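The following briefing concerns a single protein chain. Please consult the sequence and the 3D structure alongside the text.

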Amino acid sequence: MRRYYEFAVVVVLISILALVLLGALGRTSNEMEEAGVQAEVATIRIGLMEVVAHRETFGGSLPKSDNPLDWVTTRPANYLGEVDGIPDSKSVWYFDRKARELVYRFRDGHRARFRLSRDGNVDSPKAVVAGVGLLRLEDQRE
């Protein structure tokens with residue numbers, strides 16, 4: 001009988017440790033997804049700086065589009081294009097035509113939003129050339 005109690009205690013302890021491990025893995029997964037979004041945004045910002053630097057050096061005009069992905073040559077692999085509402089898919093990029101925002105929809109459903117800035121009155125000078133930059137707006141929760 002004593003062995004059954006010992007076995008039950010071991011099973012309970014292993015279950016508790018497994019739950020703690022799964023919670024930690026979930027948080028780490030969310031942090032990795034956020035890091036991936038930030039890496040994609042950094043790539044887009046570099047592309048925007050190249051376009052503006054080229055225009056500053058050689059002249060010409062900037063694209064008229066509010067979609068920053070129309071300005072750059074590379075797009076995220078999971079980019080759905082321009083849409084009018086929130087897509088059902090998760091872990092995807094899309095451009096919301098109505099809000100004029102580039103959006104990443106996370107696995108948990110919340111959305112990171114970015115807007116192309118064309119004016120020099122930018123609060124954050126990070127990756128801004130000649131007043132053009134990609135600004136992160138407040139995330140939206142579902």
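How many of the 5 residues of β3 are buried? In β3, 5 of the 5 residues are buried, so the strand is largely enclosed by the rest of the structure. Buried denotes a relative accessible area under 20%, exposed over 50%, and partly exposed in between (1.4 Å probe, protein chains only). Helices (H or I, at least four residues) and strands (E, at least two) are DSSP runs, numbered from the N terminus.

The model is predicted: local features need pLDDT of at least 70, side-chain atom pairs count only at pLDDT 80 or more, and totals for chains, interfaces and linings use all residues. Residues are numbered from 1 along each chain as its sequence is written, and side-chain values use heavy atoms, with hydrogens and water left out.

- Strand β2, residues 92-96, has 5 of its 5 residues buried, so β2 is largely enclosed by the rest of the structure.
- Both faces of β2 are covered, with V92, Y94 and D96 buried on one side and W93 and F95 buried on the other.
- In β3, E101, V103 and R105 point one way while L102 and Y104 point the other way, and all are buried.

**Strand pairing**

- Two strands are taken to pair if DSSP finds at least two bridges between them.
- Strand β1 (residues 79-83) runs parallel to β2 and is joined to β2 by 3 bridges; E82 stands opposite F95 of β2.
- Strand β3 (residues 101-105) pairs with β2 in the antiparallel sense over 5 bridges.
- An antiparallel arrangement with 4 bridges joins β3 to β4, where Y104 stands opposite A112.

**Turns and loops**

- The hairpin of β2 and β3 has 4 residues between the strands.
- R100, in the loop between β2 and β3, has a positive phi near 55° in a residue other than glycine.
- R100 counts as partly exposed, at 46% relative accessibility.
- The hairpin of β3 and β4 has 5 residues between the strands, and G109 in its turn shows a positive phi of about 100°.
- S91 lies in the loop between β1 and β2; its phi is also positive, near 60°, in a residue other than glycine.

**The loop residue D66**

- D66 is placed in the loop between α1 and β1 and is partly exposed, with a relative accessible area of 28%.
- Contact means heavy atoms within 4.5 Å; leaving aside neighbours within four places in sequence, D66 is in contact with F95, R100, L116 and R118.
- D66 and I86 are 20 residues apart along the chain, and their C-alpha atoms are separated by 18 Å.

**The largest nonpolar core**

- In soluble globular proteins, nonpolar side chains tend to be buried together.
- A nonpolar core is a set of buried Ala, Val, Leu, Ile, Met, Phe, Trp, Tyr and Cys residues joined through side-chain atoms within 4.5 Å.
- The largest such core has 20 residues, of which V37, L48, W71, W93, L102 and F114 touch the most other members.
- At least two residues of this core come from each of α1 (2-58), β2, β3 and β4 (111-117), and the largest share, 5 residues, is supplied by α1.
- L48, found in helix α1, is buried with a relative accessible area of 3%.
- Residues up to four places away in sequence not being counted, L48 touches P68, W71, V72, L116, G133 and L134.
- The C-alpha atoms of L48 and L116 are separated by 9.5 Å, although the two residues are 68 residues apart along the chain.
- With residues up to four places away in sequence again left out, the residues that L102 touches include I44, P68, W93, Y94, A112 and F114.

**The second largest pocket**

- A pocket is defined on a 1 Å grid over the protein atoms alone, as an open set of points where a 1.4 Å probe fits, with protein on both sides within 12 Å along at least five of seven lines; lining residues have an atom within 4 Å of a point.
- The volume of the second largest pocket is about 170 Å³, and among its 13 lining residues G47, E50, V72, T73 and T74 are the closest to its centre.
- A volume is the space filled by probe spheres set on the grid points, which are joined across faces, edges and corners.
- The lining comprises 6 nonpolar, 4 polar and 3 charged residues; Ala, Val, Leu, Ile, Met, Phe, Trp, Tyr, Cys and Pro count as nonpolar, Asp, Glu, Lys and Arg as charged, and the others, Gly among them, as polar.
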